[in-house]
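Open the model in your viewer and keep the selection panel at hand. This tour tells you what to select at each stop and what is there.

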Amino acid sequence: MKILVAVKQVAALDEDFTIRADGRDINPDFLIRDLNEWDDFSLEEAVKIKESAAAPVEVIAVTVGTDAADEALRKCLAKGADRAIRVWDDAVEGSDPIAIARILAAVARKEQPDLLFAGVQSSDQSFAATGIATAALLDWPHAAVVNQLTYTPGAKTALLRRELEAGVAHVVQIQVPAVLTIQLGINTPRYASLRSIKQAAAKPVELLTLDALGLSAADVGEAGSLSRVRRMYMPTKGRAQLIEGSSSEQAQRLAAIIREFKGEAA
Amino acid sequence: MSKILIIGEHDAGKLNPAIAKCVTCASLIPGHEISVVLLGADTSSAAAQAADISGVKHVVRVDRPENEHALAAVFAPQIAALAADYTHVFGPSTTFGKDVTPRVAGLLGVAQISDLMAVESAYRFRRPIYAGNAILTIEADAGRKVVATVRVASFEAAAAGGSADIQSRNLSVTLPTHTRFIGTKSGSTDRPDLQTAARVVSGGRALGSAENFNKVLSGLADRLGAALGASRAAVDAGYAPNEMQVGQTGKIISPEMYIAIGISGAIQHLTGIKDARTIVAINKDGEAPIFEVADVGLVGDLFQIVPEFERLIGA
């Protein structure tokens, strides 16, 4: 049994940053890179299934990115992934979620996993679309925003709970192979031990090219993308009107504001 | 002309309030003609509500037994089939929209543009990235279908009083049976829903414990008729369950009033609340980023201010 976990090396902004000369993204020197936090949870979910299974389960982390993304893959290896795959080709640069989904679908066809996990979204681009688009391309069932999963390796179906609004959740039974996008809080991701981090550093990362996946440059990158970034700008920041005074004076002023807000006489 | 199809989320005969906000977003597109599609076993009641939204021209009902439960894998091929008649397909940025819309996009072979927060033209939109630290203007290919989710917190609901026609469609689409709906589980709270509440009281790590979180905030939330929320830090510290999390990693909300108590304001939290009409922040650190989005700020000890405030509004 196999679980493929799609992960992403995301970027967060440093405290100070500048916009790139072309005005379309942040200057890369000011980006801090790390494994997407949702992916920490989906990897943990896969490793949990592996650890509780009677039969062998293989957990494979896959990413699309330059060699800088190896760091994210090694983190996955250190936390319990058995193998790591990175897909890259210079033509992939500028890919949008459907182009990335084409690549992930090709990897899934090659690896034939029983489950494909992805995070609900990435913390940098936040499309929340790549995993599900992959399911559509594979014609596999999917479930988004999964916050509870019961699956016994070898079983034909998985039982899962999806978090909706208003404290409501849907319980769904889904046939495998399936794509699940995993929500924060579904488990408690482990920390990698120093020993496993050292071991992971020595493990190989398998590099796949577009050719090896039967894809061409026209399927990916800006050529395969349908939207482009025109301009980036920063949201404006304001400043609160501060209520001064002692705690009790502050509370009184605030109570007056709330009463006014509620349409009651102050 | 832009023909926009909005995927109508509904449950138990009630149209989700997010749909009226999607209509507002769609109505900002020049030369728009807006349709709302409803898939279900019997969508008559939700269809009447959708037809009443001002700005909606057509309501399309796709009623069949397989559509009884909102399963993305079942809905998506039907919406993709309908999409042939439209230039744009919009879904709400709710869990439902996040489930269905990317699958529609995948079936149509286009990339979804997620979380539209502003419309510049029929093919130019704005969306937030880097947890709301930056906003992008992106341009979609005018030759292809635009599939997008609408960041509902960014738009006011369109008014009632519309008079759309309601039509039923039969689609000859083969539907998968690989996903089975088992049931619905509801939370056990009497408080208003965090996502749609007019008022929200939210607590952060400064509350110090789960016990304090409940002691200090529950009474206040009840007196204000408010929903209770929490920051990521408070959830991670175990003071509140994940469903209560407000922010980019939780619920993105736009209540009339948001009261942030002991929340310093990580950017991802601010992204989730910045569209609230009025934001009140109580925090002991006057330099906390929460004061950059708050309208009213109180720098001080929440354990002194909040109980006094609760007493005063209860009087």
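A residue is called buried under 20% relative accessible area, exposed over 50% and partly exposed in between, using a 1.4 Å probe and protein chains only. The model is predicted, so local features need pLDDT of at least 70 and side-chain atom pairs count only at pLDDT 80 or more, while totals for chains, interfaces and linings use all residues. Residues are numbered from 1 along each chain as its sequence is written, chains are lettered from A and ligands numbered from 1 in the order in which they are written, and side-chain values use heavy atoms, with hydrogens and water left out.

**Stop 1: Gln250(A)**

Select Gln250(A). Is Gln250(A) buried or exposed? Its relative accessibility is 2%, so Gln250(A) counts as buried. The residue sits in helix H6 of chain A, residues 247–261. Helices here are DSSP runs of H or I with at least four residues, strands are runs of E with at least two, and both are numbered from the N terminus.

Now show what surrounds Gln250(A). A contact means heavy atoms within 4.5 Å. Leaving out residues up to four places away in sequence, Gln250(A) touches Ile243(A), Glu244(A) and Gly245(A) in chain A, and Leu298(B), Val299(B), Gly300(B) and Ile305(B) in chain B.

**Stop 2: backbone angles in chain A**

Most residues other than glycine have a negative phi, and most peptide bonds are trans.

- Select Ala128(A). Its phi is near 55°, a positive value in a residue other than glycine. Ala128(A) lies in the loop between strand S6 (115–119) and helix H4 (130–138) of chain A. With a relative accessible area of 10%, Ala128(A) is buried.
- Select Val145(A). Here too phi is positive, near 55°, and the residue is not glycine. Val145(A) belongs to strand S7 of chain A, residues 142–150. Val145(A) counts as buried because its relative accessibility is 4%.
- Select Val176(A) and Pro177(A). The peptide bond from Val176(A) to Pro177(A) is cis, with omega near 0°. Pro177(A) lies in the loop between strand S9 (168–175) and strand S10 (178–182) of chain A.

**Stop 3: chain B as a whole**

Move to chain B and show it as a cartoon. The chain has 9 helices and 18 strands. Its C-alpha trace spans about 65 × 40 × 40 Å along the principal axes. Of its 315 residues, 60% are buried. Take the contacts in chain B with a separation of 6 or more: 65% of them join residues 24 or more positions apart.

**Stop 4: strand S11 of chain B**

Select residues 146–150 of chain B, strand S11. How many of its residues are buried? The count is 5 of 5, so to speak a mostly covered strand. In a regular strand the side chains alternate between the two faces of the sheet. Both faces of S11(B) are covered. Val146(B), Ala148(B) and Val150(B) are buried on one side, and Val147(B) and Thr149(B) are buried on the other.

Which strands pair with S11(B)? Two strands pair if DSSP finds at least two bridges between them. Strand S6 of chain B, residues 88–92, runs parallel to S11(B) and is joined to it by 5 bridges. One place to look is His88(B), whose bridge partner in S11(B) is Val146(B). Strand S7 of chain B, residues 113–116, is also parallel to S11(B), with 2 bridges. There, Leu116(B) has Val150(B) as its bridge partner.
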